[in-house]
Amino acid sequence: MVNAELNITKCEIKSPFDGEIQIKYIDEGSFVIKAAKIAELIDRKIMKVKFYVPESEARFIKKGQKIEVSVTTFPEEKFSGDIYAISPMGNESTYSIEVFAKIPNNELKLYAGISAKVKVSAEQK
């Protein structure tokens with residue numbers, strides 16, 4: 001019993017990255033089993049943007065391509081980022097392709113989950 005109490009007093013929970021707690025699943029003093037989900041963390045310094053491109057335009061979208069994002073929170077400001085992934089599979093009900101980009105957010109102006117308008121200058125070749 002002494003060993004168990006000693007282990008509890010030395011217990012420390014660390015995150016694999018700097019971030020903010022989005023959802024906390026336990027309270028201080030709660031009993032936690034190994035590998036239990038205790039919180040969801042987000043790193044707002046780099047925001048991930050998910051958007052959809054019509055199938056007919058998908059051939060113009062490339063990894064590394066620049067995007068420009070605007071949000072209603074800051075209507076006069078534009079945020080720039082890069083496409084880092086393109087889904088290899090289309091959505092047959094919407095006839096679109098899912099695209100992912102990252103935007104630096106060092107000033108923490110953007111929030112996870114907000115809606116945005118995305119502009120991609122598709123270069124035709």
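Predicted model: local features only at pLDDT ≥ 70, side-chain atom pairs only at ≥ 80, totals over all residues.
**Exercise 1. The surroundings of Val53**

Task: Decide whether Val53 is buried or exposed, and list which residues Val53 is in contact with, leaving aside its neighbours within four places in sequence.

Solution. 
Step 1. Val53 is found in strand E3, which covers residues 46-54.
Step 2. The relative accessibility of Val53 is 8%, so Val53 counts as buried.
Step 3. With neighbours within four places in sequence left aside, the contacts of Val53 are Ala58, Ile61, Tyr95, Ser96, Ile97 and Val99.
Step 4. Consider also Val120. Val53 and Val120 are 67 residues apart along the chain, and their C-alpha atoms are separated by 9.6 Å.

**Exercise 2. Aromatic pairs**

Task: State how many aromatic pairs the structure holds, and classify the pair of Phe74 and Phe79 and the pair of Tyr84 and Phe100.

Solution. 
Step 1. There are two aromatic pairs in the structure.
Step 2. For Phe74 and Phe79, the centre-to-centre distance is 6.3 Å and the angle between the planes is 70°, an edge-to-face pair.
Step 3. Phe74 has 26% relative accessibility and therefore counts as partly exposed. Phe79 has 8% and therefore counts as buried.
Step 4. For Tyr84 and Phe100, the ring centres are 6.3 Å apart and the planes are at 45°, so this pair is tilted.
Step 5. Tyr84 is partly exposed, since its relative accessible area is 32%. Phe100, at 22% relative accessibility, also counts as partly exposed.

**Exercise 3. Charges over rings**

Task: Which residue has its charged end over the ring of Tyr84, and which lies over the face of Tyr111?

Solution. 
Step 1. For Tyr84, the residue is Lys102, whose charged end sits 4.8 Å from the ring centre.
Step 2. For Tyr111, the residue is Arg44, at 4.2 Å from the ring centre.

**Exercise 4. Ser70**

Task: Decide whether Ser70 is buried or exposed, and name its strand.

Solution. 
Step 1. Ser70 has its place in strand E4 (residues 66-71).
Step 2. Its relative accessibility is 17%, so Ser70 counts as buried.
Step 3. Apart from neighbours within four places in sequence, Ser70 is in contact with Glu77, Lys78, Ala116 and Lys117.

**Exercise 5. Salt bridges**

Task: State how many salt bridges the structure holds, then describe the bridge of Glu20 and Arg44, that of Asp82 and Lys66, and that of Glu107 and Lys109.

Solution. 
Step 1. The structure holds six salt bridges.
Step 2. Glu20 and Arg44 are joined by their side chains, with an N to O distance of 3.3 Å. This pair links distant parts of the chain: Glu20 is in strand E1, and Arg44 is in the loop between strand E2 (39-42) and E3, 24 residues apart.
Step 3. Glu20 is partly exposed, because its relative accessible area is 33%. Arg44 is buried, because its relative accessible area is 9%.
Step 4. Asp82 and Lys66 meet in a salt bridge with an N to O distance of 2.8 Å. This pair also links distant parts of the chain, with Asp82 in strand E5 and Lys66 in strand E4, 16 residues apart.
Step 5. Asp82 has a relative accessible area of 30% and is therefore partly exposed. Lys66, at 55% relative accessibility, counts as exposed.
Step 6. In the salt bridge of Glu107 with Lys109, the closest N and O atoms are 3.6 Å apart. Glu107 counts as exposed at 63% relative accessibility, while Lys109 is partly exposed with a relative accessible area of 23%.
Step 7. A network of salt bridges links Glu77, Glu107 and Lys109.

Terms used
Residues numbered from 1 in each chain as written. Heavy atoms only, no water. Helix = DSSP H or I, 4+ residues; strand = E, 2+ residues; numbered from the N terminus. Buried < 20%, exposed > 50% of the residue type's maximum accessible area, 1.4 Å probe, protein only. Contact = heavy atoms within 4.5 Å. Phe/Tyr/Trp six-rings, centres within 6.5 Å; stacked < 30°, edge-to-face > 60°. Lys NZ or Arg CZ within 6 Å of the ring centre and 35° of its normal. Salt bridge = Lys/Arg side-chain N within 4 Å of Asp/Glu carboxyl O.
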